[in-house]
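Have a look at the structure, then read on.

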Amino acid sequence: MCGIFGIITNKEQPLGPILIEAGKRLAYRGYDSVGCATVAGDGTIDLRKDVGRIEDVSAALDFPAMRGSRGITQLRWATFGAPSHENAQPHLDSDGDMVGAHNGNVVNNVQMREMFLREGLTVRGTNDGETCVHAVERHFDRNGGRMLDAICAAYDDLEGDYAFVITHRDEHRLYAIKKGSGLVAGLGDGFTCVSSDLPSILPLTRQVLYIQDGEIVVLSPEGIELYGVHDGQQINRQTKRYEGPIEMAEKGGYPHFMLKEIHEQPAVAGELLHLLNGSRHVERFLEALRATDERPVYLVGCGTSYHACLLGAYYFNQLAGVAAVPVLGPQFIEQYGQSVGPKDTAVFVSQSGETKDVLNAVKVMRERGGRVLGVLNVLGSTLMNTSDVYLPLACGYEISVPATKTFVNQAVLFLYLAYRLAGRDTAELDALAALLARTIEATDGAAREVAGYLAGWEEMYFLGYGLSHPIALEGALKLKEITYAHCEGMFSSEFKHGPLSAVHDGYPVVFYTAPGDESMMINHVNEVTVRGGRAIAVAAAHEALGKNVHDYLVVPDADRFTAPILATVPAQLISYHMSVTRGIDPDFPRNLSKTLTVD
Ligand code: BG6
């Protein structure tokens with residue numbers, strides 16, 4: 001996924017600083033390359049771009065000096081076309097009259113490029129963002145130079161899910177179109193702007209307009225016009241004032257967003273429970289979950305969100321006797337796509353609400369007539385707009401690429417729903433926020449120590465049994481994401497059926513243990529330690545377990561359903577400290593992006 005931002009003002013000014021600030025707030029969406037383009041009053045286009053992160057490229061190419069009354073910036077997570085200067089965005093058309101940039105995926109990119117080359121257009125790279133610009137250019141030349149018509153025509157040529165912003169040197173307008181990827185516009189005093197998401201717009205204005213699929217935005221310094229791509233007709237919809245917080249993009253004194261967001265978990269968990277109690281969305285959500293006719297509920301997600309679905313399935317079953325099937329987005333399509341129907345219900349879980357692998361599954365469920373429930377963090381996201389009922393995670397924006405607070409709130413939400421389905425008093429969960437705060441305090445030092453040991457290893461295992469199995473998987477994912485070491489999460493009883501062969505002197509294995517599973521886990525620990533492995537436990541205090549392991553990260557006592565949520569904290573901290581020990585920036589690990597809007 002990439003990030004795009006565009007702005008148009010009523011006077012020429014230093015636009016570089018505004019583009020840089022917006023770019024930094026989109027950095028979690030991609031950091032393979034970055035570029036800025038400004039258009040001066042006389043139509044001169046200044047385009048600067050290169051491979052690398054915004055801080056470095058901005059310094060090298062002096063973005064702060066860029067001036068104009070229109071500007072576009074793009075931050076790239078490479079899909080079509082390797083990271084290079086040519087494939088960095090924004091892109092020019094053949095004659096340098098237009099400049100534009102995109103986010104998303106144009107799946108017929110190769111065929112379109114071949115056509116452009118046959119037609120004599122100047123194609124400089126292999127990136128599909130350039131394809132969007134040439135697609136408009138081609139029709140612009142043919143239909144007498146009207147950008148709106150050219151964009152409508154290009155829409156029919158371009159296949160895939162994307163959003164792009166574009167402008168022509170001779171017209172003081174900015175154009176943008178949405179087809180599947182996120183897009184939001186902002187109205188300010190003497191300027192308007194458009195972006196892939198809110199964080200880059202909010203420091204400039206709170207008057208925002210969410211763009212829907214198939215809509216074209218035409219921006220002037222005075223206002224925002226909307227048109228339908230299919231009929232070119234104007235659409236009347238006004239901006240709304242965004243009332244949410246905007247301070248989330250600051251580090252708040254922490255060295256990394258990840259550590260800040262780990263420390264935000266007690267507060268956001270408390271806020272979520274407060275919000276859920278008495279929310280009418282919850283009642284509608286529960287109604288849909290109860291109306292399943294004993295058919296299993298599908299819990300669908302990818303990456304960290306899938307691990308929350310897995311934990312949710314344990315909660316639904318063990319607390320409320322409800323059968324739930326945790327499944328990855330694409331797997332849902334391949335494994336259940338031909339059997340689900342109008343009687344089925346699926347909960348789609350995605351913090352960003354934009355993960356393509358999840359939205360594809362939503363599409364299939366829609367086509368099959370099934371019920372679509374959404375769990376998301378980003379309001380206004382595609383998942384929110386396509387769900388019958390949705391529940392927000394209320395975490396505020398999560399900037400760091402490795403998900404932390406959104407996972408904890410996904411887990412808290414599933415626990416809350418399971419309590420409600422079981423008819424249990426949710427007041428029992430009120431202690432959770434304080435328990436999370438105590439867990440951070442109690443385990444940070446030990447996690448740092450264990451991370452020091454693990455930093456010397458390139459492979460290891462995280463094991464969990466039952467309720468702590470999803471935490472072992474989530475911990476392993478965090479470690480892989482931000483340390484580049486290989487770590488496999490696994491159901492602990494499964495370890496002896498093969499992977500145990502990896503164990504030799506000092507080989508690290510971490511055991512996440514829920515209260516009541518200690519005896520079972522002690523067996524599994526000894527299978528490792530008798531072969532020279534180093535056993536590290538993450539669990540509430542337990543004397544016998546303590547006697548069998550080398551290191552022990554003790555989490556506060558809690559019931560067996562709350563305990564896995566607490567154990568998530570040391571799992572996050574181990575990875576965080578190991579990443580920092582290895583000199584890696586945990587917020588922006590190589591090759592990854594916060595949300596993937598591509599297949
Ligand atoms: C990946 C992120 O791109 O998407 C992961 O790197 C994340 O951290 C996964 O868990 C799923 O994202 P979402 O937004 O659908 O929960």
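## Ligand contacts

In this predicted model, a polar side-chain atom of Ser305 sits 2.6 Å from an oxygen atom of the ligand, and one of Thr355 sits 2.5 Å from a ligand oxygen atom. Glu481 has a side-chain N or O atom 3.3 Å from an oxygen atom of the ligand. A polar contact here is a pair of N or O atoms within 3.5 Å. Alone, the ligand exposes 390 Å², and the protein buries 92% of that (Shrake-Rupley areas, 1.4 Å probe).

Around the ligand there are 14 residues, of which Ser305, Ser350, Gln351, Ser352 and Thr355 come nearest; a residue counts if one of its heavy atoms lies within 4 Å.

## Strands E24 and E25

Strand E24 (residues 534-540) runs parallel to E25, and five bridges join them (DSSP must find at least two bridges for strands to pair). Ile536 stands opposite Asp551 in E25.

Buried means under 20% relative accessible area, with a 1.4 Å probe and protein chains only.

For Cys395, the nearest cysteine sulfur is that of Cys309, 15 Å away. Cys395 is buried at 4% relative accessibility, and Cys487 is buried at 0%.

## Ground rules

Residues are numbered from 1 along each chain as its sequence is written, and side-chain values use heavy atoms, without hydrogens and water. Local features need pLDDT of at least 70 and side-chain atom pairs 80 or more, while totals for chains, interfaces and linings use all residues.

Terms used. Helix = DSSP H or I, 4+ residues; strand = E, 2+ residues; numbered from the N terminus. Polar contact = N/O pair within 3.5 Å; in protein donor to acceptor, adjacent residues only side chain to side chain. Disulfide = S-S within 2.5 Å. Buried < 20%, exposed > 50% of the residue type's maximum accessible area, 1.4 Å probe, protein only.
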